[in-house]
Structures are given as C-alpha cells and as structure tokens.
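Visitor: Please take a close look at one part of this structure, a pair of packed helices, and then place it in its chain.

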Amino acid sequence: MQAGSFIVGYEWDFSVVFRDFDLLLLGLVNTLKVTGLALLFGIPLGLLLALLRLYGNAVLRIPASFLIEFLRTTPPIAQLFWFFFAMPILLGVEIDPFEASVLTFSLQSSAFFAEVFRGGILSIDNGQWEAAKAIGMNRNDTLRRVILPQAVKRMIPAFLERAIELMKTTTLVSTISYADLLYQANTIAQSTYRSLEVFTVAAAMYFVVIFICSLAVQRLEHHLGRTGELTKG
Amino acid sequence: MTEVLKIENLHKSFGDLNVLNGIDLSVAKGDTIVILGASGSGKSTLLRCVNFMEIPSSGRIVLQGKPVGTEKADGINYPEKELTGLRARVGMVFQHFNLFPHMNVKQNVMEGPRTVLKCNQAECARRAEEYLDKVGLGWKAEAFPSQLSGGQQQRVAIARALAMEPEIMLFDEATSALDPELVGEVLETMKELADEGMTMLIVTHELGFAYTVADRVLFLADGKILEQGDPEKVLIHPQQEGTKNFLRGHGSFRLPEPVLD
C-alpha cells in the first residue's frame with residue numbers, strides 16, 4: 001500500500017525538535033503552571049463546594065449543587081471560550097489567555113474535586129461521627145480532625161486520576177493561543193514540517209511527567225498503607 | 001445520695017414507630033444500673049437519649065439537677081451548643097468501638113481533652129497515661145487501632161471516654177461485637193469502674209455480669225420499664241411474665257457448675 005511504503009521510507013529527523021527543545025520546555029512549564037494553579041485553587045474550592053452541598057442550608061446548598069453540575073456537564077472548551085471571549089464583554093474587563101485558562105480550569109476542576117470530596121466524606125463510617133459526637137466534638141472539629149483526614153487518604157487515587165485528567169484537558173488552552181506544550185509543539189511543527197517528530201516528543205513529555213506523578217502517588221499510598229493508618233479500626 | 005441523672009416521662013418515636021413510651025428513672029452517684037430487654041425494646045434508644053445522640057420526642061432529662069434544654073410553648077428546645085457541652089460530660093462506649101483509625105491509641109484518648117476541653121499538652125498526656133493505665137493498655141500507647149484485638153480496642157474506647165472525666169458512663173452493648181474469649185477483659189474493666197464508684201448505665205446481654213455488678217436491673221419491654229429492682233429480685237425472682245420469658249430464653253443451655261471452676 002502507498003501509505004505503508006511511505007512510512008517505511010520515512011527518514012526520522014529529531015534534530016529540529018531538539019534545536020527548539022527550549023521552546024517545548026517552556027511549553028511544558030506553562031502546562032504545569034496552569035495545571036498547578038488549577039489544582040491549587042480547585043482543590044480548596046472543591047472542598048468548600050462539597051461542604052456546602054453536604055451541610056449547607058438550602059440557600060447555599062442549591063447554588064453549590066447547581067454550580068457543580070453545570071461545570072461537570074458543559075464541555076471544558078465551551079467554558080474556556082466563555083471565560084476568554086464572552087465574560088470580558090459581559091464585565092467589560094480585559095483577560096489574557098493565561099488568566100482565562102487558570103480561571104476556567106480552577107473552576108472546572110473544583111467541580112470534579114467537590115464530587116471526590118463528597119464521595120470520600122460519605123464513605124466514612126457513621127460510627128466515626130458518633131464516636132466524635134459522644135466525646136462532645138462539634139461538626140466542624142469532627143470534620144477537621146476525624147472525617148477529612150481519613151477521607152483524604154481514601155481519595156488519593158481519585159485525586160490523582162482527576163489531576164491527570166486535568167493536565168490532559170489543559171491542552172485546550174492552545175485554542176486561545178496560550179503557549180502550553182501542545183501549542184508550542186504545533187508552532188514548531190508548522191515551521192519545520194516535522195509534525196511526526198515534534199508531536200511524538202511532545203506526547204512523550206506528557207507521558208514522562210504524568211507517569212512520574214503516578215509513581216510518586218503510588219509510593220505515598222504504599223507508605224500510608226504500611227503505617228496501618230489506611231485500614232479500618 | 002446525690003442524684004446525677006433523672007429521666008422524666010421520656011418518649012421517643014421515629015416517624016410512626018414509638019420506641020420509648022414514658023420512661024422514668026433516677027440515677028444516684030455511684031449507681032451501676034443494667035438495662036435488659038429483647039431487641040427492639042428501646043434500651044439502646046434510652047441510652048442514646050441520655051447523651052442526646054437522639055433527641056427525645058418529649059419528656060425531660062435532668063443532669064446534676066439541671067434540666068437539659070429550654071422550655072418553649074411547643075416543647076423543649078435543644079440548642080446544639082448546649083448538647084455538645086452535655087456530651088462532653090457524659091461518656092459513651094459503643095458496640096463497635098469506633099476508634100479513630102488514623103490516630104494511635106494515645107492520640108485517640110487525647111482527642112477529646114485536646115479538641116473539646118482545650119487542655120494543654122501536659123494535661124492531655126497525663127490523662128492519656130492515667131486512663132490507658134486504668135484499662136491496662138499503657139504499653140499499647142503508640143499502637144494503631146488496627147493492630148489491637150477487639151477487646152483491646154474496646155478498652156481503648158473506654159479510656160477515650162474516661163479521659164473526658166465524665167459524670168456518668170453509658171455502655172451500649174459494649175461486648176456484643178467481641179469474640180467470646182475477649183468479653184471477659186472488657187467486663188472486668190467495667191466492673192473495676194463500677195467498684196471505683198463510677199456512675200454507669202449499661203445495656204448488655206451478659207446476665208452473669210448484671211447479677212454480679214449491678215446495683216439495680218431494669219427490664220424494658222415495648223419502650224417501658226416492665227420490672228426493676230436489685231439483681232436478685234429481677235433476675236432470680238422475676239414477677240412479670242415478659243421478664244420470665246426473656247430469662248428462660250437466655251437460660252436454655254447451661255454448663256454444669258464444676259466445669260466453670
């Protein structure tokens with residue numbers, strides 16, 4: 001077949017990739033910046049939303065639930081476009097691609113983290129609440145000292161899953177010209193006509209970063225498991 | 001004799017189900033009261049109303065002469081803050097221990113004094129040491145709950161409740177989840193507490209324990225006290241048919257005495 005013989009005859013040339021490797025690295029740093037900031041804002045905001053959804057009165061619970069469901073059911077790219085193109089019109093403010101990206105993915109991931117937190121909190125045996133209540137602990141102290149420390153440990157795999165998903169989803173920021181790893185790869189590919197090499201290396205860079213993160217979390221889990229703290233008492 | 005706890009005409013219902021139908025009880029300082037009854041008779045609910053794990057539907061709980069809650073036209077109002085304060089003064093031990101699995105034994109015992117009573121580090125440590133020694137588990141202070149036997153876990157749960165230095169202790173079937181060979185050590189700990197003058201309300205199925213340790217035995221049926229009195233009277237010479245049936249059920253199979261030596 002034509003295509004087959006084309007691939008056999010293809011001469012790989014990675015030199016162009018490595019000539020512009022600093023551009024790819026810059027892209028990776030930008031990807032990590034958006035991902036990191038989205039985690040930094042998204043996790044606490046997710047916890048807040050989860051608590052409002054679980055324990056808030058109707059005035060707080062209903063908007064929190066609506067926001068979570070809305071963010072989970074609309075396409076991330078639509079959210080990104082809304083914050084980048086639509087919101088500035090509505091509010092009359094300037095927003096650059098970086099800010100729009102961080103804003104979008106902080107909110108978007110907060111909705112997913114809210115559900116992870118909620119699931120984790122609800123998975124804790126009611127006996128833990130009762131025991132804390134019986135020694136006179138109030139709800140806030142019980143959450144802080146008893147429920148969340150256990151819930152968070154159980155949530156680590158789900159957290160990791162969401163963080164990886166988030167990092168992959170941030171590739172959408174290239175559509176609003178934020179210079180993340182994918183955007184940089186695309187730029188280099190277009191100027192060198194070496195799409196195959198450039199995108200292969202870019203994919204490998206995503207793989208390495210995410211794989212290292214996975215291993216680190218696995219080690220952490222293993223460590224926590226060994227101290228006997230993960231097992232139910 | 002000072003009255004620690006008084007229960008007046010206590011009712012509790014869950015929806016249409018009436019679990020407690022008017023309980024009156026007076027508990028003096030140092031009393032050990034054992035509550036018996038078939039399952040569904042309301043004995044656990046009675047205990048859970050005393051420390052407001054359940055809010056009574058009507059009636060009154062009086063602790064150290066002071067009624068809990070504020071009387072309103074439509075019943076008694078129980079502010080959550082008052083209830084948390086009250087629970088800190090009433091200890092409770094559950095069937096399923098419910099230790100905090102992410103804390104070691106010492107941290108479990110210190111948690112109440114630390115978070116609720118805001119004791120300083122030295123005082124928390126002193127209490128942990130004192131009450132773990134009392135239940136014979138000072139040597140396990142650094143262990144995690146998952147590394148302990150069921151009996152040891154329950155003794156830690158007792159120490160955790162004692163560390164609050166409560167005015168009364170409630171035991172809700174504290175030995176029911178234990179393997180038979182582990183029941184003795186927990187009952188022994190409870191007996192020591194009774195001997196030291198702790199005021200205790202105990203729900204249990206251990207009739208031998210009730211006979212030996214109780215000052216008074218209550219028999220509950222259908223959310224009411226059917227019969228009460230000293231252990232000899234209720235357990236050996238019961239008057240009510242309900243009590244007799246219950247005791248017959250428990251005494252169907254017995255070991256001959258010499259085997260027990």
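Guide: What follows describes one helix pair in chain B, then the chain around that pair.

This is a predicted model, in which local features need pLDDT of at least 70, side-chain atom pairs count only at pLDDT 80 or more, and totals for chains, interfaces and linings use all residues. Residues are numbered from 1 along each chain as its sequence is written, while chains are lettered from A and ligands numbered from 1 in the order in which they are written.

Two packed helices are described by the angle between their axes and the distance between the axes. In chain B, the axes of helix α3 (residues 105-116) and helix α5 (residues 150-162) come within 7 Å and cross at roughly 30°. Axes here are lines fitted to C-alpha atoms, for helices over the stretch in contact, with angles from 0 to 180 degrees between N-to-C directions. α3(B) is therefore roughly parallel to α5(B), the term for angles under 35 degrees. The crossing of α3(B) past α5(B) is right-handed, meaning that the near helix is turned clockwise from the far one by less than a right angle. On the α3(B) side the contact (C-beta atoms, placed from the backbone, within 7 Å) is made by V105(B), N108(B), V109(B) and G112(B); α5(B) contributes V156(B), A159(B) and R160(B). These residues divide into four nonpolar, two polar and one charged, with Gly counted as polar.

Of the contacts in chain B with a separation of 6 or more, 64% join residues 24 or more positions apart.

Buried residues (20 or more other C-beta atoms within 10 Å; exposed is 12 or fewer, partly exposed in between) make up 46% of chain B. In helix α1 (residues 43-50), eight of eight residues are buried, among them L46(B), L47(B) and R48(B). Just after α1(B), F52(B) takes a positive phi of about 60°. By contrast, R254(B), in the segment after α9 (241-250), counts as exposed because it has 9 C-beta neighbours inside 10 Å.

Note on methods:
Helix = DSSP H or I, 4+ residues; strand = E, 2+ residues; numbered from the N terminus. Contact = placed C-beta atoms within 7 Å. Parallel < 35°, antiparallel > 145°, perpendicular 65-115°, else oblique.
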